[in-house]
Amino acid sequence: RSNEADPELGNYREIYETARQTASDIEAALGDLDPKSLGEMRPQLDAYLGQVRLLAKTANELDAIIGEIPMAELAKDKADLLKKAETSEPGLKAEYLASAREIANQETSFAGLKEQRELIGLRLESSVNQLTQLKIDLAKARAADSQSALSSGETALADIRAKSQELSRYLDDLKSGQLEALADPFAELEKALAEKEGGKVGT
């Protein structure tokens, strides 16, 4: 589970490490309270960590693409095209405006990609927070059981297992929905970047 020397996570190594350490703490605590339940919980925690890593990896990939696209240069190019269009003949003016519209479309795609990146980041943080909450719930259950505040530790463990299953469903939905939805804008922006670089080579 260690994320040492994991370049795929980039700046998100720390948040993944937090999730990994929290999962280890949960396993240790649950092992003390109910080793049998630990056997049932461990696969859920492993799957959960895999999902958290996927979110971190995706956020890192999006950061790389966003950082590579020269939006400031594109904005300047668009402004120059619009300025030239103001004093050009009708035929040339149409070409300038068409080029400016292409850049505007790229700007729209870029804005959409940034919004998706923000959503991935928020859900990554939420996923780690949910894991932390699971650890807190387990600590409360252990304390309540030791104080005989509950009839048995089984009730608390059932609640914790339900929480883990809920988090797994949440991440499964995220993987099948949001992450798959990344395919179109991801490819779209990569294409836009390639076209931009191709244009530089041709100039």
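## Salt bridges and confidence

Glu107 and Lys78 join their side chains in a salt bridge, with N and O 2.7 Å apart. Glu107 belongs to helix H4 and Lys78 to helix H3 (residues 71-86), so this pair ties together parts that are 29 residues apart in sequence. Lys78 is partly exposed, at 22% relative accessibility. This is a predicted model.

Side chains of opposite charge can pair when their charged atoms come close. The structure holds 8 salt bridges. Two further ones are described here.

Asp25 forms a salt bridge with Lys135, and their closest N and O atoms lie 2.8 Å apart. Asp25 sits in helix H1 (residues 13-33) and Lys135 in helix H4 (residues 90-146), so the pair ties together parts that are 110 residues apart in sequence. Asp25 is partly exposed, with a relative accessible area of 27%. Lys135 is partly exposed as well, at 34%.

Glu61 and Lys57 also meet through their side chains in a salt bridge, 2.6 Å from N to O. Here both partners are in helix H2 (residues 35-68). They are 4 residues apart, so about one helical turn separates them. Glu61 counts as partly exposed at 32% relative accessibility. Lys57 counts as partly exposed too, at 21%.

| Salt bridge | N to O distance |
|---|---|
| Glu107 and Lys78 | 2.7 Å |
| Asp25 and Lys135 | 2.8 Å |
| Glu61 and Lys57 | 2.6 Å |

Now the confidence scores. The protein chain has an average pLDDT of 75. Of its residues, 68% score at least 70.

Two stretches call for care. Over residues 147-153, pLDDT stays under 50. For that stretch, the model has 5 contacts beyond four places in sequence. Over residues 181-186, pLDDT also stays under 50. There the model has 9 contacts beyond four places in sequence. Where pLDDT is low, the predicted coordinates should not be read in detail.

Methods:
Residues numbered from 1 in each chain as written. Predicted model: local features only at pLDDT ≥ 70, side-chain atom pairs only at ≥ 80, totals over all residues. Heavy atoms only, no water. Salt bridge = Lys/Arg side-chain N within 4 Å of Asp/Glu carboxyl O. Helix = DSSP H or I, 4+ residues; strand = E, 2+ residues; numbered from the N terminus. Buried < 20%, exposed > 50% of the residue type's maximum accessible area, 1.4 Å probe, protein only. pLDDT = per-residue confidence, 0-100. Contact = heavy atoms within 4.5 Å.
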